[in-house]
Amino acid sequence: MGFFLPIRNWVLQTLTFLPASTKQNLPAMCRCFTSTSCRLVESIDPKAFHPEIKIKDGSMTKKKAGKDRLPPKPFSAFAAGSSKIRAMHNTNNAVANESFSPLNKVSPPDTPLSAKEWEKLKEEYQHYKKFEDVMFDNMIHDHSPVDVAKSLLVAVAKRDGDVEYSHLVKYLTICVYHKDVGEIYDIYNIMKAKYKSLEASAYSLLIKGLSDSPHWKETLVLLEKVKKVSFHSRQNYGDCIEGALLNQERNLAFELFHEMVTENLTPSLTTIKHFFDFCQPVKDDHLKNKCIDILYYLREHQIYPDESLVLSIKQWFESISGENWKGNLTSMNNSSQCPSCGHALEDINLTEEEFTNVKEKIKRDVIEGTDIFRNTSPQELERFQRFVNEHPPFDVVIDGLNVAKTTLLNPSSKTLLDVVFYLAQKYNRLLVLGRRHMLNNSFQWKKRDMDDMQKKADFFFTNNTSKDDPFLLYASFHSGGHCMIVTRDLLRDHKAVLSNSVTRRLFFKWQRGHQMVVSSYVPGKILTFEDALPYDTIVQTDGNTWHIPYDDNLSKRASYEIPVKWLCLRKK
Amino acid sequence: MHLLNLIRRSAFKLIAPKMTKYGLFLTMPSKISTCGTLRMIYLNKNISKNADEDINLDEWKLVVLSGLEKEAFEKASPEEEPNIAAIKEYIDMSRRLGKAAPENITEEQLNKLIEYPSVTSRNRYLAFLASKEMRKKADKVKKKRLQEEREELRKTMDNEELIPKSRLFRAIWDSSMDDLYNWKAAQAMSFGQPLVFDMDYDDMSEREMQNTVKQMMECEGANRKAVEPFHLYYCNLKEDGPYHNEFLKRYGDAWDNLFVTVTEKSYAEIFPRNQIVYLTADSPNVMETFDHNKIYIIGSLVDKSIKKGVSLARAKRLKLATAQLPLERYFHWKTGAKVLTLDQMMMILLTLKNTGNWKEALEFVPKRKHEGFLDPSLQHYIHRQKNKKIYEQNFKKKLLVEELSKKRLWNGLWEE
């Protein structure tokens, strides 16, 4: 401990002369330590606080390998896995894994039993009202062999002279799991003879079971039958498509795919993977174009493939004869160039038309909404609009309260002051949004700090009962495409109230490109910003290259995050 | 045909084991041997040569198919529209699978079901109908049981007990209680403190509307039975609106005899604004005491989809004072929203009005939502402790960060 004290000043002084790469490592290393070592608390000298301010720009944060027990920290708040890491920082609770209820646990036998033996077993488990149901459920859970289930079915049939529908469906489940096609077809015939129509789960099971059998055409009949009584599921379509592809009926498969898409069902990634798997090797242009169309579908709907699908896509491209594609798995850093081929990725900025469209939707849905009094009041909105119109466009809009609460170590006003001063070095015109209560001189909000800040930035204070986020969005959109916002809020609630999914997607794109996040802050020492991404994460092409973002198997991506891994394909 | 099957099956059960043991296939002394049985014997012979084990795994198919003729015949009577019939069939099959679905479904319910846009919403509606049906059935059974018990009692009772004894009062029947309640309610109508229900929430779903009206009826009932009832106002109630229709459906003729002021006007028109307090859980102000001169307003709204701040927005628009119950102050809150049902609010307000005791009033907050009352004398102390804890934590964090930043700089230098 004593060793540190004399050295400290020297360290801080040298730091300013260090090469840039070392400085960029700092925040990453800081994270390594905050998460692992907590034992140090006792051995700390409280006087060691050093007032010297050293603020650094850490937009590029590289990782030191081998130092971190946590998964690598993604470089953006929206990158896949970020929310998981945040959750790990916030709580240490392990998620209790859901297990099969022990109450209903009956261990099914290993070999087929005779009817008498089943009766005996049933008496053992007398306390179950529906012994057969419980037994079948356990068989499904334990993946018992078909013969065992069949022997129970025989016992039931012998005793009652009939088999209940629920038993039949459960038996069918077991057969489908073991892919016993002959048995499935028999059950299908029995069901067809016995019942006029079935319900959704039996239909799904039959479609799944028959899709890779010689009777696969029956699945199309079943699909029509589902349509009559219930809604389609993407699983049913997926199984039918798989059946068609297995039997080399590619055109039928593509037809089913289009039918599915027009019914507003999102195909599962496995279904898409089947297309790329079964359409190799590519020889004619017709087939190639159809598969490319699927990639465009992914682009339009912002679906990101998973790892296995992306490998299939890679293989598919490499199998196109005469074009000589070369695929590469890579991960992007914060620059807009693909590290594998150096090709520039698509820009994240919205087009003029999209921008005005989103702007209007924001005003209508987010600020006014169903009742303008829920977020603000008409007088206040008018006052704000007047305020924005009187001022020239801003470069940065800061969510004052959100930024001020970044750390609890400081009075809020001090934190905000640091951020505002730092941003004032880089940008000309700042706007800070806050609430009226910030103006009352208090422990958290020092009058002096507030006065200092107002020299560097413009301020707008809303009522204490109003929401400030809608104003943040409005001010930023009003200032134009160059204006950034600073907040740690992911703005999910505002995204949710937008009326249609296209606008939601555009808003998210704008947000990725315009939101700066205070990533780490130590009062008086470190202030780093996570800059907005310069490129758009979406399936993209320019004819000679394809860039496809995908989810790797390791990181669990939340719905409001984007993948960081890419597949880079180019023609040689 | 069915009878024949039954006999055949039972006969087969008896005979089959013996046959395989002795190989007496042709000398079987059965007069009712039919084609099916013979085939089964044949299968038996082929599959299980082992004399001890006599499991024929495909036997169930024959059994099921043999019972088929009857079922198929029963079902051959399609008279309804094919689509409706198919959906009825579908519901029936779901029920057989053990899913929550009603046994009988009316035409009206079926049409409503078809209108639902997704599988989940349909399933939810079916489950609702199923539970309703189950409850009705259980009620019927219980009613029958009670009736039987009563009859039993009447039989065993001695005749002596039936002879009337001399009493000071006649038995007090429900009707005489009703008279008393009505008298008090009438008194409240002329002298009581107003309590307003705001009925201006139109965009509720049908289920929400039904729940609201049910809760309103409970409120009215609780108010009538109170020692000193409120004078209830149903404001913004539109004639022939969804509320009105639902009320008429529930109350029937009694709707016109209620001791309640029903009006299409807004409360802001009837009462002076400075007296009005809108009660809403979203309010920033906490209600300290019950004021007998104020007019409290409750939004009669059941909100299953979470629309935050709807009632607060309403009060803001009319520039009314707002308040929320001091739940935080009196409870260790556990789970659940701080939004209470209308009848709970009613009971709390009635108790407050008549006793002024918060603790007694807040007994009506559901027990599952809190972990007991806070000790009021300790409240200040607890608050201080909380602040102290936060302060200590922050201080520790501060020191930790200090130490870490130093260490980091040090390591950084070495790596360089």
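K447(A) is partly exposed, with a relative accessible area of 42%; partly exposed lies between buried, under 20% relative accessible area, and exposed, over 50% (1.4 Å probe, protein chains only). Its partner in a salt bridge is D451(A), with N and O 3.7 Å apart. A salt bridge here is a side-chain nitrogen of Lys or Arg within 4 Å of a carboxyl oxygen of Asp or Glu. D451(A) is also partly exposed, at 37% relative accessibility. Helices (H or I, at least four residues) and strands (E, at least two) are DSSP runs, numbered from the N terminus.

The model is predicted; local features need pLDDT of at least 70 and side-chain atom pairs pLDDT 80 or more, while totals for chains, interfaces and linings use all residues. Residues are numbered from 1 along each chain as its sequence is written, chains are lettered from A and ligands numbered from 1 in the order in which they are written, and side-chain values use heavy atoms, without hydrogens and water.

Over all chains, the structure holds 41 salt bridges. Three of them are listed here.

| Salt bridge | N to O distance |
|---|---|
| K447(A) and D451(A) | 3.7 Å |
| D200(B) and K238(B) | 3.4 Å |
| K238(B) and D202(B) | 3.7 Å |

In chain B, K238(B) forms salt bridges with D200(B) and with D202(B). D200(B) lies in the loop between β1 (194-198) and α10 (206-225), and K238(B) in the loop between β2 (231-235) and α11 (242-251), so this pair ties together parts 38 residues apart in sequence. D202(B) sits in the loop between β1 and α10 of chain B, and its pair with K238(B) links parts of the chain 36 residues apart. These residues are partly exposed: D200(B) at 27%, K238(B) at 40% and D202(B) at 43%.

Back in chain A, salt bridges with shared partners join E119(A), K122(A), E132(A), R159(A) and D160(A) into one network.

Strand pairing is the other topic in chain A. Two strands pair if DSSP finds at least two bridges between them. Strand β1 (residues 325-331) and strand β10 (residues 565-571) of chain A run antiparallel and are joined by seven bridges. Within this pairing, L329(A) has L567(A) in β10(A) as its bridge partner. β10(A) also pairs with strand β9 (residues 545-550) of chain A, in the antiparallel sense, over six bridges. Opposite P549(A) stands W566(A) in β10(A).
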